[in-house]
Amino acid sequence: MTTFLGLPTAPPGVGHLSSGRPFPAAARTALADNQLRSNLGHATSTIRTKRARAVAEVPDWPQLRAAGAAIKDDVLANLDRYLVQLEEQVTARGGTVHWARDAAEANEIVTRLVQASGAREVVKVKSMATQEIGLNEALSAAGIAAWETDLAELIVQLGRDSPSHILVPAIHQNRTEIRDIFVREMAAAGRPAPDGLTDEPAALAEAARLHLREKFLSAQVAISGANFAVAESGTLAVVESEGNGRMCLTLPRTLITVMGIEKLVPAWRDLEVFLQLLPRSSTAERMNPYTSMWTGVTPGDGPSEFHLVLLDNGRTATLADPEGRSALRCIRCSACLNVCPVYERTGGHAYGSVYPGPIGAVLSPQLTGVDANKSLPYASSLCGACYDACPVAIDIPTMLVHLRERVVDSGRGRAVPSPERVAMAAAAWTMRKPSRWRRILRLGRWGRPLVRRRALPPPLTAWTAARDVPMPPKQTFRDWWTERA
Amino acid sequence: MKVALFITCLVDGLFPDVGKATVTLLERLGHRVEVPLDQTCCGQMHLNTGYTREARPMVRGFAGTFAGYDAIVAPSGSCVGSVRHQHPAVARRMRDDALARQVDDVSGRVYELSEYLVDVLGVEDVGARYPHRVTYHPTCHSLRLLRVDDKPLRLLRNVRGLDLLELPDADQCCGFGGTFALKNADVSAAMLADKMTNVLRTDAEVVTAGDSSCLMHIGGGLSRLRSGVRPVHLAEILAAT
């Protein structure tokens with residue numbers, strides 16, 4: 001059964017869901033960077049070990065995981081109802097709800113709201129949704145400076161770089177590289193780095209604190225994402241470690257939140273499940289340091305104006321695929337990135353999307369449509385570590401295989417089929433008839449001289465670049481078996 | 001009990017010794033093994049690369065070939081994983097109820113070698129002797145798809161003369177991944193490099209696993225390094241006396 005929900009995939013050319021560069025080529029660049037591989041290997045193995053410990057100490061983790069999956073599935077199955085309920089609740093409590101079908105529309109809405117406030121500068125809470133739509137670039141084009149206030153996002157922004165991890169955007173950099181960026185770039189963005197700044201973590205944090213404090217105290221508008229929105233009460237929630245998010249959410253006069261439509265939970269009590277699943281899976285903490293929640297506006301306390309922008313940008317298109325929709329359960333914890341052997345070696349930039357790693361390999365192609373991200377479903381050895389780590393039980397390996405099928409099917413009917421397609425068709429034709437297969441198997445013997453002389457043709461050269469080929473046997477198993485009988 | 005050997009296309013064509021060892025082992029344990037010669041390939045490579053349509057006849061062929069057996073044993077975790085976890089879904093989407101029932105029925109009786117020995121036969125000591133230093137790599141599909149857990153290790157611990165050496169970061173993928181090794185050859189090689197480093201750290205003479213495919217990849221890398229460490233399938237060790 002196909003369900004048509006009306007809205008198209010994310011538009012090309014807006015935001016950061018696809019770089020256009022195939023994963024294998026981008027991965028090759030990343031693999032050549034020894035510093036990157038060392039930074040990543042160190043960081044991911046540390047987080048991996050800590051996460052395993054934080055998860056192991058919860059006796060009912062499997063049940064929590066099942067509950068997380070079930071709550072999100074309920075949200076996805078009844079999204080229409082919950083979204084309208086959320087809009088009613090937010091509106092009743094003094095907020096304004098905006099609906100954005102895609103990145104371009106969301107950027108327009110936010111730009112218009114900031115312009116109406118008269119501000120030329122905004123502070124930002126770390127947010128994947130605004131990275132996804134390229135909001136900073138859109139604001140900049142309108143002459144509005146958007147300052148990231150999450151420490152790692154600040155590093156990435158000052159370094160004119162892009163995030164390479166969902167939770168640890170600057171995971172690809174070590175502290176010496178970070179110090180150099182602060183010394184070089186902070187002055188142009190506001191308060192300069194202190195003289196004689198070292199690469200001690202405490203000194204780097206202090207430099208960021210001084211730099212950001214000025215921004216917090218002068219900003220009139222803040223922009224955030226949301227980890228969760230409670231449909232029954234209209235409450236938004238942001239989960240963070242630094243407290244910089246809390247500064248943005250409470251100090252400026254106007255707060256604009258951009259949220260993917262799948263971030264809903266039906267009821268307040270559902271947060272109990274996710275506030276356990278999320279910190280343990282992401283930062284390996286029992287509880288994250290700052291959980292900020294707000295419901296509409298409260299006179300005399302916090303922002304006096306609150307706007308909620310609900311973003312589709314390919315989400316309903318994802319929802320329409322029964323085999324792919326559970327990717328929308330994702331709570332952006334990045335546990336799958338940290339356990340992924342591919343991510344560990346390539347880093348996030350190779351994926352060309354703000355959503356890297358295993359979840360990115362299933363989410364990005366669905367949000368953009370598979371044609372704009374053809375190589376991502378293949379960026380996995382299907383080892384299954386991601387599925388085991390996922391706190392909402394997204395079966396990423398099965399979904400990757402499904403998306404590969406969509407990629408293959410979208411290329412059917414071309415006048416000139418690819419060599420891979422021809423090879424696959426030939427192999428399938430051979431396997432259909434046992435007698436044919438037996439004869440083809442025997443041909444392996446004729447490959448013996450080629451293997452001996454290491455003269456195999458492409459695509460096997462991709463194999464022989466790093467590995468030897470086994471010598472084909474003189475007799476196949478089935479010939480041995482027949483002879484024996 | 002009527003036991004069929006699901007030989008797998010890779011073992012049939014490239015690693016016949018693994019098949020012979022599986023036969024030797026099962027016969028030594030008192031089984032009469034049958035090898036239905038109508039079998040070709042389970043279609044895992046096609047399925048995992050996105051060629052589901054091409055794989056459909058293989059799914060149908062597999063179920064038809066193995067329908068009459070009480071147990072179907074294969075020396076491969078990933079092929080068994082494909083039959084058990086992918087074939088039923090493919091058959092259901094073909095909208096052929098009779099086939100779907102047959103596939104469900106057959107796929108429930110397919111076992112990876114260590115599962116068959118430990119779970120079905122209840123044997124952990126197969127009477128093997130293999131006086132070598134061995135390290136074991138748990139392949140991803142045996143580990144995370146079939147959940148064979150420590151069954152292969154229990155079998156290895158009972159092999160006489162065998163010195164079992166623990167592989168560091170054993171549960172990390174070796175980087176094979178079927179067509180992944182060709183389509184993302186550089187990442188695959190980077191993963192292989194780390195796996196080989198860990199194998200070499202154990203000072204083993206032999207690296208073993210339950211999948212010839214992963215062993216072909218790891219062994220191919222070790223051979224390129226002229227490391228002297230040999231890849232040997234679990235079945236060959238268990239068959240040795």
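**View 1. Chain B as a whole.** Of the 241 residues in chain B, 61% count as buried (20 or more other C-beta atoms within 10 Å of a residue's own; 12 or fewer is exposed, in between is partly exposed, and C-beta atoms are placed from the backbone). This is a predicted model, so local features need pLDDT of at least 70 and side-chain atom pairs count only at pLDDT 80 or more, while totals for chains, interfaces and linings use all residues. Residues are numbered from 1 along each chain as its sequence is written, and chains are lettered from A and ligands numbered from 1 in the order in which they are written. Chain B carries 14 helices and eight strands (DSSP runs numbered from the N terminus: H or I of at least four residues for helices, E of at least two for strands). Its radius of gyration is 18 Å, close to the 18 Å that the globule rule gives for 241 residues, so chain B is as compact as a globular protein of that length (taken over C-alpha atoms; the rule is 2.2 Å times the number of residues to the power 0.38). The C-alpha trace of chain B spans about 55 × 45 × 25 Å along its principal axes. Among chain B contacts with a separation of 6 or more, 78% join residues 24 or more positions apart (a contact means C-beta atoms, placed from the backbone, within 7 Å).

**View 2. Where chain A meets chain B.** Chain A puts 46 residues into the contact and chain B puts in 50. On the chain A side, helices supplying at least two residues each include H1 (23-31), H15 (341-346), H19 (419-431) and H20 (434-443). The largest share, five residues, comes from H18(A). By class, the chain A side has 31 nonpolar, six polar and nine charged residues (nonpolar: Ala, Val, Leu, Ile, Met, Phe, Trp, Tyr, Cys and Pro; charged: Asp, Glu, Lys and Arg; polar: the others, Gly among them).

**View 3. H3 against H12 in chain A.** Helix H3 (residues 61-77) and helix H12 (residues 271-282) of chain A pack at an angle of about 120 degrees, with their axes 10 Å apart (axes are lines fitted to C-alpha atoms over the stretch in contact, and angles run from 0 to 180 degrees between N-to-C directions). That makes H3(A) oblique to H12(A) (under 35 degrees is roughly parallel, over 145 roughly antiparallel, 65 to 115 roughly perpendicular, the rest oblique). H3(A) brings A:Leu64, A:Arg65, A:Ala67, A:Gly68 and A:Ile71 to the contact, and H12(A) brings A:Val273, A:Phe274, A:Gln276 and A:Leu277. That gives six nonpolar, two polar and one charged residues.

**View 4. The loop with A:Ala142.** Look for A:Ala142 between helix H7 (135-141) and strand S3 (145-148) of chain A. A:Ala142 is partly exposed, with 14 other C-beta atoms within 10 Å. Leaving aside neighbours within four places in sequence, A:Ala142 is in contact with A:Thr111 and A:Gln115.

View 5. The peptide bond from A:Pro458 to A:Pro459 is cis, with omega near 5 degrees, and A:Pro459 sits in the loop between helix H21 (448-452) and H22 of chain A. A:Ala284 isn't a glycine, yet its phi is positive, near 65 degrees; A:Ala284 lies between H12 and strand S9 (290-295) of chain A. B:Asp149 also isn't a glycine and has a positive phi of about 55 degrees, in the loop between helix H9 (140-145) and helix H10 (151-157) of chain B.

Note on methods:
Two residues are in contact if their C-beta atoms, placed from the backbone, lie within 7 Å.
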